[in-house]
Amino acid sequence: MNEVTSGPAHYSVPDIPDSRLYRAFEAIVAGYWTKAAYRSWRRRRPLGRIDRDLRVRVSRIDEEGLDVKAIWFEREGGGDLPAWDPGAHVDVVLPSGRLRQYSLNSDPDDLSAYRISVRRIEPTAGGGGGSVEAHFLSVGDRLVLKGPRNAFPFVDSPAGYLFVAGGIGITPILPMLRDVVRRGVPYEFVYTGRSRETMPFLEEIREIVGDHEIQLWPDDEMGVPDAAKIISMAPEGAALYCCGPMPMIEAIRAQIPDPLIDTLHYERFSPPPVLGGRPFRVRLGDSDVEVEVGAEESALTAVRRVRPAQAYSCQQGFCGTCRVRVLEGEVEHRDHVLTDYERDGHMMLCVSRAKGTVVIDG
């Protein structure tokens with residue numbers, strides 16, 4: 001098993017079109033296989049990059065804990081939405097044009113609707129404005145989703161799983177939890193958060209797991225989570241799935257022996273730290289404005305100091321939103337989205353770097 005971070009899955013499996021023929025094929029296959037076997041087959045072919053536009057309407061909005069809204073989408077004109085597997089996300093095109101990624105956390109077996117969940121983060125607290133805008137959506141609003149695609153594929157692990165979720169990091173874990181309960185696979189589940197009111201879906205989780213014991217770890221009741229104790233709960237040979245704040249993920253990683261590090265799969269909801277970076281400069285070609293990029297900051301951060309409207313989304317090099325045209329300079333590409341052909345003359349500001357000075361199309 002490979003360690004998986006947020007970003008596109010590197011698989012050679014082609015995208016399967018969303019068509020009546022394919023849905024009919026799914027129905028035929030499902031008729032010969034058990035649902036459990038069919039879901040297992042789908043997990044072995046994670047979704048890659050899918051540039052499909054889905055026109056949807058907001059059908060329902062639920063309050064899920066402090067500052068969290070669960071938003072449901074149905075397809076315009078009715079009918080099922082495309083199939084997806086646990087760990088998948090959609091790109092949401094908000095009314096302003098902002099593009100934001102949100103994990104799907106409804107039931108993968110019910111394609112009549114998709115559900116995402118959004119924690120509101122004010123710009124003064126480091127948010128980029130997307131979550132605030134999403135919280136202003138209303139039932140009946142129409143918008144476009146792109147995908148779904150899977151940057152956090154859920155692997156088969158007959159030995160079982162340890163799931164660790166921190167706060168809103170529950171969103172990709174929830175469908176995984178639902179899946180293992182249905183299949184009867186051994187698992188342990190640890191859910192952390194600042195307080196119970198900041199931990200969405202507590203009631204739904206209890207409905208899913210039934211009598212199975214789960215470990216709730218609110219900071220205000222139990223203190224900072226003990227990573228060593230959490231790791232000790234894993235069934236022998238289990239795969240570890242972790243999603244939440246980076247400090248929690250790093251604490252978990254630090255407790256895993258090197259020979260077993262490949263059993264850890266995680267997704268971060270924040271930009272990765274810059275590793276091995278060197279300072280360079282970015283010049284905006286239309287104005288000759290030049291900005292210094294520090295060794296530990298991204299070009300996106302630096303450019304937004306002088307061009308606040310610069311578009312961005314995932315900040316992890318896989319969505320393509322912050323792509324700019326390069327007029328001059330040598331780029332050190334660190335993204336997961338540009339093809340070799342596209343890298344000749346473009347860069348992703350969120351993760352890529354440069355040597356000396358790079359001039360971008362302003």
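Two residues are in contact when heavy atoms lie within 4.5 Å. The structure described here is a predicted model.

Leaving aside neighbours within four places, Gly-166 is in contact with Thr-192, Cys-243, Gly-244, Pro-245 and Met-248. Gly-166 belongs to strand β7, which covers residues 161-166. Its relative accessibility is 5%, so Gly-166 counts as buried; the cut-off is under 20%. Met-246 stands 80 residues away from Gly-166 along the chain, yet the two C-alpha atoms are separated by 9.7 Å.

Helix packing was examined next. Two packed helices are described by the angle between their axes and the distance between the axes. For helix α4 (residues 170-183) and helix α5 (residues 202-209), the axes come within 9 Å and cross at roughly 20°. Angles under 35 degrees count as roughly parallel, and α4 is therefore roughly parallel to α5. The crossing of α4 past α5 is left-handed. On the α4 side, the contact is made by Ile-170, Leu-174, Leu-177, Arg-178 and Val-181. Helix α5 contributes Glu-204, Ile-205, Ile-208 and Val-209. By class, seven of these residues are nonpolar and two are charged, with no polar residue.

The structure holds eight aromatic pairs. One of them joins Phe-154 to Tyr-161, with 4.9 Å centre to centre and 35° between the planes. This pair is tilted. Both Phe-154 and Tyr-161 are buried. Phe-154 also pairs with Phe-163. Here the centres lie 6.1 Å apart, the planes make 45°, and the pair is again tilted. Phe-163 is buried, as is Phe-154. Phe-152, Phe-154, Tyr-161, Phe-163 and Tyr-241 form one aromatic cluster.

Backbone geometry was then considered. Most residues other than glycine have a negative phi, and most peptide bonds are trans. Against this background, Gly-147 and Pro-148 are joined by a cis peptide bond, with omega about 0°. Pro-148 lies in strand β6, residues 142-150.

Positive phi values occur at Asp-67 and at Phe-201. Asp-67 is not a glycine, but has a phi of about 60°. Asp-67 sits in the loop between β1 (53-63) and β2 (68-75). With a relative accessible area of 41%, Asp-67 is partly exposed. Phe-201, also not a glycine, has a phi of about 70°. The loop that holds Phe-201 runs between β8 (187-193) and α5. Phe-201 has a relative accessible area of 2% and is buried.

How values were computed:
Residues are numbered from 1 along each chain as its sequence is written. This is a predicted model: local features need pLDDT of at least 70, side-chain atom pairs count only at pLDDT 80 or more; totals for chains, interfaces and linings use all residues. Side-chain values use heavy atoms; hydrogens and water are left out. Helices (H or I, at least four residues) and strands (E, at least two) are DSSP runs, numbered from the N terminus. Buried means under 20% relative accessible area, exposed over 50%, partly exposed in between (1.4 Å probe, protein chains only). Axes are lines fitted to C-alpha atoms, for helices over the stretch in contact, and angles run from 0 to 180 degrees between N-to-C directions. Angles under 35 degrees count as roughly parallel, over 145 as roughly antiparallel, 65 to 115 as roughly perpendicular and the rest as oblique. A crossing is left-handed if the near helix is turned anticlockwise from the far one by less than a right angle, and right-handed if clockwise. Ala, Val, Leu, Ile, Met, Phe, Trp, Tyr, Cys and Pro count as nonpolar, Asp, Glu, Lys and Arg as charged, and the others, Gly among them, as polar. Rings of Phe, Tyr and Trp (its six-membered ring) pair if their centres lie within 6.5 Å; planes under 30 degrees apart count as stacked, over 60 as edge-to-face and the rest as tilted.
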